[in-house]
Amino acid sequence: MSFFSATRATSNRSPLASLCDRAASSPAPTGSGELGMAVLLRGTSAAAATTAGPSSALLATTFCRARGCGRLLPAAPRLQRAFAARASAQPLEVCAKESITVPGRLGDCPFTQRVLLTIEEKHLPYDLKLVNLANKPDWLLEINPEGKVPIVKLEDKWIADSDVITQTLEEKYPEPPLATPPDKASVGSKIFSTFIGFLKSKDPSDGTEQALLDELTSFDSHLKDNGPFINGGAISAADLSLGPKLYHMEIALGHYKNWSVPDSLSHVKQYMKSIFSMDSFVKTLALQEDVIAGWRPKVMG
């Protein structure tokens, strides 16, 4: 699995336009059968889906994500052993929302993408079961009476809530580490709620746009002083949580309000390009049509 460094060349194209080019050239997940009302997809992470043994070059290398570093370096023996064990491990079972525009494709939930990004970045094999949430199957309600997704099966136990799932994955699979230091874990955490407030607003003078700009400006300052990612040179859990939300913000506000992140917030725009261009992100993103349709009730309500 290849990753893109934080020092990708910049261009005048928007993060979303660049992402669309890559997504269009990426093959869609292939269905491998149905389970009740859910579609079972081949969801093995790119790093773990190798048919070679532990001697594979894949297991012999890892990626250095330090600032300005885009080269492959020999992996530590401990990491080699971890990857080798995961490649032959029983895949995790992940239940997620199915697309409402293209059957058999992943839906538009940013919290599900956060979970999938964590699994991908930890090189864990998984099977993805897509669920039609408009007609929830009985088996889903049996394992999670609230009928919510994402849910992940770990050691014969189904776990709900993206916060709990990602924390459990970090504890069970500490390599590669993704935990964000406590002093940086909340960076950018108010962007999503202010985005929703602005998206729902019907009064241009109610201050919701400025509230979002204030949060993005604060985030831009953090990236300027500490970037390129929230925890410096390395991707961490906070990025995997914020990235999908920024993707939804970019699409929804662009469609419903003809709004985009100002060019003056150059560090935010570069951050979005870097996150959106990661292989794991491209592999797990929702279709633009689904994001637009998913936010429509809040805009029209």
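The legends below describe close-up views of a predicted model.

**Figure 1. Overview of the chain and its elements.** The chain of this predicted model holds 11 helices and eight strands. Of its 301 residues, 49% count as buried. Among the contacts in the chain with a separation of 6 or more, 73% are accounted for by residues 24 or more positions apart.

Figure 2. In soluble globular proteins, nonpolar side chains tend to be buried together.

**Figure 3. The packing of α8 against α11.** The axes of these two helices are 9 Å apart, and the helices pack at an angle of about 65 degrees; α8 and α11 are therefore roughly perpendicular to each other, since angles of 65 to 115 degrees count as such. The crossing in which α8 passes α11 is right-handed. On the side of α8, the residues that take part are Tyr-247, His-248, Ile-251, Ala-252, His-255 and Tyr-256, and in α11 they meet Gln-288, Val-291, Ile-292, Ala-293, Trp-295, Arg-296, Val-299 and Met-300.

**Figure 4. The packing of α3 against α8.** Helix α3 (residues 110-121) packs with α8 at an angle of about 135 degrees, and the two axes are 8 Å apart. The two helices are therefore oblique to each other, and their crossing is right-handed. From α3, the residues Pro-110, Phe-111, Gln-113, Arg-114, Leu-117, Thr-118 and Glu-121 meet Leu-240, Ser-241, Pro-244, Lys-245 and His-248 of α8. The residues of this contact divide into five nonpolar, four polar and three charged. His-248 of α8, which takes part here, also belongs to the contact of α8 with α11.

**Figure 5. The buried helix α9.** Nine of the 11 residues of α9 are buried, so this helix is largely enclosed by the rest of the structure. The buried residues are Val-268, Lys-269, Gln-270, Tyr-271, Met-272, Lys-273, Ser-274, Ile-275 and Phe-276.

Figure 6. His-222 has its place in helix α7 and counts as buried because its relative accessibility is 14%, which falls under the 20% limit. Leaving aside neighbours within four places in sequence, the residues in contact with His-222 are Lys-184, Val-187, Gly-227 and Ile-230. One of these, Gly-227, begins a peptide bond to Pro-228 that is cis, with omega near 15 degrees. Pro-228 is placed in the loop between α7 and α8.

Figure 7. The peptide bond that runs from Val-149 to Pro-150 is cis, and its omega is near 10 degrees. Pro-150 is found in the loop between α4 (138-143) and β7 (151-154).

**Figure 8. Two loop residues with positive phi.** Asp-161 is not a glycine, and yet it has a positive phi of about 80 degrees. This residue lies in the loop between β8 (157-160) and α5 (162-172), and Asp-161 is partly exposed, with a relative accessible area of 40%. Asn-258, which is not a glycine either, has a positive phi of about 50 degrees. Its place is in the loop between α8 and α9, and at 73% relative accessibility Asn-258 counts as exposed, because the value is over 50%.

How values were computed: Residues are numbered from 1 along each chain as its sequence is written. This is a predicted model: local features need pLDDT of at least 70, side-chain atom pairs count only at pLDDT 80 or more; totals for chains, interfaces and linings use all residues. Side-chain values use heavy atoms; hydrogens and water are left out. Axes are lines fitted to C-alpha atoms, for helices over the stretch in contact, and angles run from 0 to 180 degrees between N-to-C directions. Helices (H or I, at least four residues) and strands (E, at least two) are DSSP runs, numbered from the N terminus. Angles under 35 degrees count as roughly parallel, over 145 as roughly antiparallel, 65 to 115 as roughly perpendicular and the rest as oblique. A crossing is left-handed if the near helix is turned anticlockwise from the far one by less than a right angle, and right-handed if clockwise. Contact means heavy atoms within 4.5 Å. Ala, Val, Leu, Ile, Met, Phe, Trp, Tyr, Cys and Pro count as nonpolar, Asp, Glu, Lys and Arg as charged, and the others, Gly among them, as polar. Buried means under 20% relative accessible area, exposed over 50%, partly exposed in between (1.4 Å probe, protein chains only).
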